[in-house]
Amino acid sequence: MAITVSSDSTGRGLARGRSLAARTVRFVAHRPVLAVSSGILLLFVAVALLSPWLAGDPGTLNPPRRLKPPSATQWFGTDHVGRSVFDRTLWGARISLGVGFAVAITTTVVGVLVGIVAGYFRLADTVIMRAMDAVMAIPAILLAIALVALVGSSPLVIVTAISVPEIPRMARMVRASVLVLREQAYVEAAITCGGRVHSILLRHILPGAAGPILVQATYVFASAMILEAILSFLGAGTPPNVPSWGNMMAEGRQYLQLAPWILGFPALGLALVVLSVNLLGDVWRDMLDPSLAPSAAGVTR
Amino acid sequence: MTPALEVAHLSKTFAARRGPFGLLGRRVVRAVEDVSFTVEASRTLALVGESGCGKTTIGRMVVRLAIPNAGSITVEGEDFTRLSGEALRRKRQRVQMVFQDPFACLNARMTAEAIVAEPLVNFGLGDAATRRRRVRQLFDQVGLPQTFLDRLPHHMSGGQRQRLGIARALAAKPAVIVADEAVAALDVSIRSQILNLLKDLQRETGVAYLFISHDLSVVRYLADEIAVMYLGRIVEKGPVRSVFDTPAHPYTQALIGAIPASHPRERRRRALLDGEVPSAAALPIGCPFRTRCPLATDICSREPPPLVTVRHGHAAACHHIHANEMTTGGTTT
Amino acid sequence: APAAAESVLRVRPFGDLKQIDPVITSDYMVRNHGYMVYDTLFALDEVMQIKPQMLERWQVSPDGLVYTFVLRDKLAFHNGTPVTAADVVASLERWGKRDGLGQQLMALTKSLTANDDRTVTLALTQPWGLVLEALGKPSSNVPFIMPAGIAKTPADTAITDATGSGPFIMKREEWVPGSKVVYVRNPNYVPRGEPPSGLAGGKTAKVDRVEWRYIPDAQTALNALQAGEIDIFEEVPPDFLPMLKGNAKIRTAPQDTMGMQMVFRMNTLVPPFNNPKVRQAIRYMIDQEMFAQAYVMDPTLYKNCPSFYMCSSPYFTDAGWVKPDLAKAKKLIVESGYDGTPVVVLHATESGPTNTFSLVAEQLMRDIGLKVEPQAMDWGTLVGRRASKATVDKGGWSLFMSGPTGADMMDPAGHLGLRSNCDKAWFGWPCDEEIEKLRAEFSLATDLQKKKELAKAIQLRAVEVGPYWPAAQLYLVRAMRSNVEGAPKAAVPVYWNISLK
Amino acid sequence: MTAPLLKVEDLTISLASDGGSLPLVKSLSFEIAAGETLCLVGESGCGKSLTALAIIGLLNRRIMRASGGGIFFEGRDLLSADAEAMRRLRGDRLAMVFQEPMTSLNPVQQVGRQISEVIVEHRGTSEREAEREAVRLLDLVRIPDAARRARDFPHQLSGGMRQRVMIAMALALRPALLIADEPTTALDVTIQAQVLALMDELRREFGTALLLITHDLGVVAEMADRVLVLYAGRAVEEAPVEQLFDQPTHPYTRGLLDAIRQLLKPDIERLAEIPGTVPVPAKLDRGCSFAERCGLAMPICGEKRPVLGPRGSRHSAACWLGHLPVEQPA
Amino acid sequence: MIAYVLGRLLAAIPVLSAVAAFVFLLLSLVPGDPAVVIAGDLATPEQVEAIRRSLALDRPLVERFVTWLGHMLTGDFGNSLFSGIAVSELIVQRIEPTLVLALMTIVIAVTVAVPLGLVSAYHPTGIVARLTMAGAVLGFSLPVFVVAFGLVYVFALGLGWFPVQSYVPLSEGLAGTLHSLVLPAVAVSFLYIALIARVTRAAVLEVLREDYVRTAHAKGLAARLILTRHVLRNAAVPVITIIGIGFAALLGGVVVTETVFSIPGLGRLTADSILRRDYPVVQALILLFSTVYVAVNLAVDIAYVLVDPRIRY
Ligand SMILES: Nc1ncnc2c1ncn2[C@@H]1O[C@H](COP(=O)(O)OP(=O)(O)OP(=O)(O)O)[C@@H](O)[C@H]1O
Ligand SMILES: Nc1ncnc2c1ncn2[C@@H]1O[C@H](COP(=O)(O)OP(=O)(O)OP(=O)(O)O)[C@@H](O)[C@H]1O
Ligand SMILES: [Mg+2]
Ligand SMILES: [Mg+2]
């Protein structure tokens, strides 16, 4: 070859060190939002995990001290049967975050798989999406009651009952993006490069659909926690003595005027978690955005 | 020896829907019409012609991104149009394409390195270390600095992206490369490097090129044979020399006549082709070129001219070949 | 739509009117609906006396075997046809197939015949002290009188025609189940001459229209009342009452004169509550005060009533009652040889006292050393689940909480919870010959003193065997706009005699 | 001479990233008079497109900064113009044909509409009329069956057709300055000749100035009045077109011309190349950026950067060899 | 395309049959039976059994399914086990509020959310973007009854502009209907605004970096025009999807909102019927919802082709 390349050690060296991990670290360091929101999220996860040590028994009734506002002894006040809202909020994080994450992940994983396959293959589209149409119409309530009757109440049942009707929605969202993206020239190029279907779907198509999927996932995450309360109410959820944020909010609803703290604290917890998940989603999206990507920095120095 | 690429009686129509859901009817565009050619290993066939005459469409069919309505595509003796599934995927390694658009064909989210490595990974060529080495070698070959390995296409200029596309097509060492305007966005010095590279590779690996280009000087340098297309058909085909020196078809003559000057002093008002370019959706009866042809007579509006041999290996589709045969001295006067 | 001049009383009933057959179901909403559209032969007045209602007169033969009822003149159904003795016979027969007291009555009946258009004769095989109690039964199932044609419907098939002879006519076409029931004044209703008293006396529809607007959410109902969108709000959650205190436009009143008894109902067929010792432990565990206070703070709204009978019942007695004693309860559990079989609580989570009482019960049972397994569910599931006689590991149950109205807990004969006739008893199926024998005697007794003694005897026996335990008595409150006047004080919320100022 | 239509003064375009800022185009100055054609040529990646984007004010603000003396268009500094003023200029007085004809068209809008839109926006004509005008423009750029094609979506067009749509769009309002970034790469020579003729006509009739970025020295020869040669973000030579072809001063320019000339010779076996590649921008701090690849490099070239200096009337170059006699090319 | 639509309509038949069978099966699994509910709290087991017989609930599952299917094919959806009212009549009573509420909600949500999404993508660090983010978080995490309570407190109890609850049927005038639904529609649309705005933002961010947006700028189009005509249309597919999903869900009934505002809609009918095991009503409702989903999804799929000519099926 006649081309002699100016070997350029400094530039190379820098570029080589720029692995995704290194980029991420650098990225985090420059983004306070990321630090704060992941901090909040980690805090809540820690609270959820440590609640047995941080909080007292959330089930202890104490009728005489019912509906007491927050005070020095009862930081978050008490509820309608005199239970400690503080203890319940802390314990509630366990179920709520657990259900939220489980449902969000299940829905996203299954929905994405179904959606990309349906969006990419015509035959799958006709078959799978019709099945999804059918599943979409089954109310979570009915499914939950039936499942509980069939296998007994368990976290798995909650997650299933909430996820099943959400999956078609996620799948439709994914499919929609795939329908657009599969016509892109770079996808064709990837095909000629011998891309296997899964790599085309996962590497080339999915990242382009990530934005709306992420939004949908954070929404599902939040709504699962709220839905869980409805299911608990129907016996499909957690036992009545085990608190969850959803449960607490549902119970606190009658006392919105009288004792807003019953609903307020779990709602605040939920809002903070949702906020941080949303912010994280945004930051992640920005990281994925090629037009803003820091790799331009690859030429710096 | 089996030819690297053999295309026989290829036709492709696009049914363009008019209005939402084609409620306003359909318009059928005959993009490619009964096209046949053969490219032997180590040879280059240049496809030139009118913009919109179907060159890209042929290229896309050859790499099987578009399904022909009729005809066959044989790659190294194997009928490419018949393959499917994993067999097709494997076979794709033998036929690679440099796309006309150097940006749309690159995934904006992938780094340059990942883009070039993609065929290597997909076809399982070499282990990770070999692949790294190969990608770096390819970067050198197409004249991209190694600092670009981590860049995204967004951060590259048009020519840089095009070189990335070329590197990707070369990566898997295919038997056939369809190069669609592969050097159009390159400045002349880089273009020289790339053209040399292509020639060198051909010598080393026996790769065959289907080289689609508007740049006739490049075609003359690189190609062995040339096929001139007009409105989906091949109107003239032959060894480069022969076609350039003694173009038989009036369209070819016009093409050669329209090559821009190489020096400002040579500017002149060239005899531009006049007349309407007919629509590929409503081809005129008879010879498609007759609406712009200075030689057109009655017969041209009645019968489509067949491709007839003018001299050894050189054929043209014109009713007036002999009246028209002139011995223009090639490109510049 | 009501014309401008029409007076409309808008009521938020405590529940949804799901169906309209007051015989097939004991649902209190259907009962209340019955009082709107039907009339009864006898009715309970304000001071719990049974008074003739549709009857002009009645008499009983000296041997107590033959009752003759004469209908008032000019009684007519909503469609204009007169009420005849034949209608009465058909209605009572249908009712007698379903209602507990009705069944007892029918069992003793030799004949029930219409002598002429207005006279009905009831002949018994032996004297029975509860004939009037049965016919004047204030709560489910009430022997409402409906047209014979409708009353001919088999007792297991719901009727769909709400034609009656009561003070209001149901507008069937405006009924939106789950949302709205509309009644209009029955222009042809002839009230009795006496002043109204409880469910008895002259019933006058003083408004043109009564709309029951089912507002499922209590908070919404409260807002609606405050905004004047409804006039009456039944079953105000007690926690809301303080918020209404300062509002001059709204006043509160007891919803009915009886209140309700919260029932701690055990499944006596399967472990652990098949063990009488365990039931005895529960007897010491139940602190009515604690249960009630978890739900209401206002002491006027609940009563610690040491009896199986309502405190307002003539048969009230605290004989055999013990003071709650957790230590004793714990001891009894240990003594009972309790093996750790979980107490499966069918925990209906619909808001209201049931949920709270279940929570308290669960906590108390845990405290005395029982293993508790609460299973949350909706009421629909609960009523399905409680029919199961299986052991808890096979989907059975141990306990549920319920709140029947006081009318069903007044006396041993009609008493829902004390019934101990095994399979035929209420869910939980207590089985005790002694109680049943005493109850039979009670039914036949005609002398009040005798009856009281029998009631006491039944209670003494019941505290030993424990068919169920009362867990406090609650009083329901309804709130109304201050322009609502004349609401009758009755055993059941009814809407005649109410006017809007 | 009248005041130039466009005057670019000391323009620097730099990439702002979290690690600091990196100049990609450095101290570039040039001007174009009304009716004049300036060709911008240079190595791929030397900053031609960035310069064009800077003029029209469409650099990606979040990562790119244009700074320097200013970009004066019709006497007004575009660098400091407010967004609304820029918007009014763009498409009307100032039009651009982008290098990427495929991705620069809205995939979900009919191409006719994409053209008529700019007319409606700036001229306020009726949609109908603008659509008729769009068809006429498509016809002008030689798209067959223009009326029907106007209703096609971009993906239904060939590469060359899309490029012509872009051109039609830019020509729609007969701008005072047309920036064309490699406008004819996808066109066959007959169409290319027609399109170039069309631009030329525009120039003659309406005095449109043309900033033409191209790699095709044939196009340069056909169209240019003056040529500006860029190398690694800097101007290395500027000259009237004939002078440049006759007397290229900078070794890089000479390399370019050599490359095209030898391609025209029949029967060459192998093309000569300018050895090496463009160095990465970061390393350009000292000396002449072309020095590494220059056959005529002298010691000074590695140490001091040559500045653009006059080489005759209206001809300037940045090379230490500037004063040596220049051989006529063969 | 017409063939595609016809195909989709045909495909609805197996979809609906599958749903019908599945729901039947589910209902048979659900404990509790309507006879018990009908009989009431005080009924004895034999009484319940008798009612069960009279409702033919003691028949085997398959037999019941076949009978039901037979009736259904003749257009007879049966009667409510409770009120005895024809299921079709019950549904007709309830469909109007749901439909109006859904339309109102989606109109409010789309008109508010789409511009918010566009602006917050276009000025990602601007005040609108930040407020939208905050609103979205609240929209996602506050249960609708809290939002509803707030609205009622301020606009109904406080200012007295709107009723606290209840629905005014269309037969009493459109204005009254709309007036009665303002608060519920706003309360539900809170969530939808959050969802649609966030999806719009995500999709628009994806489009904003495309070259053709730069072209649009180069044409000197006003930002508003660029956003609506070029950007939004290219970002429309996910947005339409989420709107479609949301609309279908709204038609499926929003139980909590209907409960809180005491609106006699399909959502509450569904929940109530499920809870009291009113089988014929539940079955008919779910079939209705399936039909709605099939129709809305088909409409959405058609809309894709209208906004994006590259999409094909
Ligand atoms: N967003 C970006 N981030 C980092 N570098 C960039 C970015 N955009 C362009 N560059 C670099 O800036 C330089 C100039 O780019 P430009 O597009 O102006 O080149 P060009 O002269 O138009 O080249 P070509 O002829 O190949 O189109 C190139 O080296 C390119 O790699
Ligand atoms: N997807 C499509 N739908 C409809 N028509 C199409 C489609 N793709 C190509 N065509 C039409 O087919 C014809 C040939 O297009 P093709 O892209 O092959 O031309 P080309 O020879 O590559 O032209 P150019 O040199 O301009 O790139 C054109 O008329 C074009 O409009
Ligand atoms: Mg092409
Ligand atoms: Mg460029």
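This is a guided tour of a predicted model, moving from the arrangement of the chains to one interface and then to two ligand sites.

**Chain arrangement**

Begin by colouring the model by chain. Eight pairs of chains touch, and the pair with the most contacts is B and D. Next, select chain C and look for its relation to that pair. Chain C has no contact with chain B, and the closest C-alpha atoms of the two lie 44 Å apart. Chain C likewise makes no contact with chain D; here the closest C-alpha atoms are 48 Å apart.

**The interface of chains E and C**

Now select chains E and C together. Their contact involves 52 residues of chain C and 41 residues of chain E. Between them the two chains bury about 3700 Å², of which 55% is on carbon and sulfur atoms. On the chain E side, display E:Asp41, E:Leu42 and E:Gln165: these residues lose the most area to chain C, and together they account for 17% of what that side buries.

Which side chains meet in a salt bridge here? Select C:Asp16 and E:Arg276, whose side chains form one with an N to O distance of 3.0 Å. Polar contacts between chain E and chain C amount to 14 residue pairs, with both residues at pLDDT 80 or more.

The elements giving two or more residues to the side that touches chain C are α2 (34–39), α3 (45–54), α5 (87–122), α7 (144–158), α11 (255–260) and α12 (266–276) of chain E. The most is given by α3(E), with six residues. Colouring this side of chain E by residue class shows 21 nonpolar, eleven polar and nine charged residues.

**Ligand 2**

Move to ligand 2, which lies between chains B and D. It is surrounded by 21 residues, the closest being B:Gly52, B:Thr56, B:Thr57, D:Gln156 and D:Gly160.

- B:Gly52 places a polar backbone atom 2.7 Å from a ligand oxygen.
- B:Gly54 has a backbone N or O atom at 2.9 Å from a ligand oxygen.
- B:His214 has a polar side-chain atom at 3.1 Å from a ligand oxygen.

Taken alone, ligand 2 exposes 630 Å², and the protein buries 92% of that. For the shell, highlight β2 (26–39) and α1 (55–62) of chain B and α6 (159–171) of chain D, the elements that give two or more residues. By class, the shell around ligand 2 comprises seven nonpolar, twelve polar and two charged residues.

**Ligand 1**

Finally, centre the view on ligand 1. Why is this site shared between chains? The site is shared because residues from chains A, B and D surround ligand 1. There are 24 residues around ligand 1, and those that come nearest are B:Ser157, B:Gly159, D:Gly45, D:Lys48 and D:Ser49.

- D:Ser44 brings a polar side-chain atom to 2.7 Å from an oxygen of ligand 1.
- D:Gln99 has a polar side-chain atom 2.8 Å from an oxygen of ligand 1.
- B:Gly158 has a polar backbone atom 3.2 Å from an oxygen of ligand 1.

On its own, ligand 1 has 630 Å² of accessible area, 94% of which the protein covers. Select α5 (158–171) of chain B and α1 (48–56) of chain D, each of which supplies at least two residues of the shell. That shell contains nine nonpolar, twelve polar and three charged residues.

How values were computed:
Residues are numbered from 1 along each chain as its sequence is written. Chains are lettered from A and ligands numbered from 1 in the order in which they are written. This is a predicted model: local features need pLDDT of at least 70, side-chain atom pairs count only at pLDDT 80 or more; totals for chains, interfaces and linings use all residues. Side-chain values use heavy atoms; hydrogens and water are left out. Contact means heavy atoms within 4.5 Å. Buried area is the accessible area (1.4 Å probe) that two parts lose on being put together, summed over both. A salt bridge is a side-chain nitrogen of Lys or Arg within 4 Å of a carboxyl oxygen of Asp or Glu. A polar contact is a pair of N or O atoms within 3.5 Å; within protein, one must be able to donate a hydrogen and the other to accept it, and residues adjacent in sequence count only if both atoms are side-chain atoms. Helices (H or I, at least four residues) and strands (E, at least two) are DSSP runs, numbered from the N terminus. Ala, Val, Leu, Ile, Met, Phe, Trp, Tyr, Cys and Pro count as nonpolar, Asp, Glu, Lys and Arg as charged, and the others, Gly among them, as polar. A residue is near a molecule or strand if one of its heavy atoms lies within 4 Å of it. Accessible areas come from the Shrake-Rupley method with a 1.4 Å probe; for residues, only the protein chains shown count as cover.
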